[in-house]
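Welcome to a short tour in your viewer. Have the selection tool ready, and follow along one stop at a time.

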Amino acid sequence: MTIETPKVNAGTVLVLDDEALIAMDLAATVEDCGLNVLGPAFSMKQAFELIEGSTPELALLDINIGKEQVWPLARELRDRGVGLVFISGDLSPANLQAEFHDAPRLHKPALPQQVCEALDSYEVKTPTAAE
């Protein structure tokens, strides 16, 4: 039995926020930054389903998803080499994980320019017309 590694989609960003309007707004911002969106996902379950067969290049993740925190998903994505950007209304040290101290963090509500700059902090492969 061979285990197939999910394909990395160049220029693709997983967007996860449990508030649908915010998630859709973030997805539109990501597209305005010139990147493709995987999702948006509104729950941890949905986000894990989206990455089953595909690995995004980056992820824009809310920290508090309903009653869950995003850390299991963030660890899975980090292990796959995905660049992480966290966005939250609560960036207090008690709400953050030290293991992700080097990832960009945005305070909600973030301006579109701030989102683009955080995503641009990673060397992103620009998607081609064929992708």
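Rings of Phe, Tyr and Trp, with the six-membered ring taken for Trp, count as a pair if their centres lie within 6.5 Å. Keep in mind that this is a predicted model. By that rule, a search of the whole structure turns up three aromatic pairs.

**Stop 1: a stacked pair**

Select Trp 71 and Phe 100. Their rings form a stacked pair, 5.4 Å from centre to centre and with 15° between the planes. Now trace the chain from one to the other: Trp 71 belongs to helix H3 (residues 71-79), while Phe 100 sits in the loop between strand S6 (83-88) and strand S7 (105-107). The pair thus links distant parts of the chain, 29 residues apart. Are these two residues buried or exposed? Both Trp 71 and Phe 100 are buried.

Ring pairs join Trp 71, Phe 86 and Phe 100 into a cluster.

**Stop 2: along helix H3**

Stay with the helix that holds Trp 71. Which residues of H3 are buried? Select Trp 71, Leu 73, Ala 74 and Leu 77, and you have them. Turn the view until you look down the axis of H3: the buried residues fall within an arc of 155°, so they line one face of the helix.

**Stop 3: the disulfide**

How many disulfides does a search of the whole structure find? There is one. Select Cys 33 and Cys 116 to see the link, with the sulfur atoms 1.8 Å apart. The angle about the S-S bond is -90°, and the link of Cys 33 and Cys 116 is left-handed.

Cys 33 is partly exposed, at 22% relative accessible area, whereas Cys 116 is buried, at 18%. The cut-off for buried is under 20%, which is why the two get separate labels.

**Stop 4: two cis peptide bonds**

Move to Gly 39 and Pro 40, which are joined by a cis peptide bond with omega about 10°. Pro 40 is found in strand S2. Then go to Lys 108 and Pro 109: a cis peptide bond joins them as well, with omega about -5°. Pro 109 is in the loop between S7 and H4.

Conventions. Residues numbered from 1 in each chain as written. Predicted model: local features only at pLDDT ≥ 70, side-chain atom pairs only at ≥ 80, totals over all residues. Heavy atoms only, no water. Disulfide = S-S within 2.5 Å. Buried < 20%, exposed > 50% of the residue type's maximum accessible area, 1.4 Å probe, protein only. Phe/Tyr/Trp six-rings, centres within 6.5 Å; stacked < 30°, edge-to-face > 60°. Helix = DSSP H or I, 4+ residues; strand = E, 2+ residues; numbered from the N terminus. Arc of directions from axis to C-beta.
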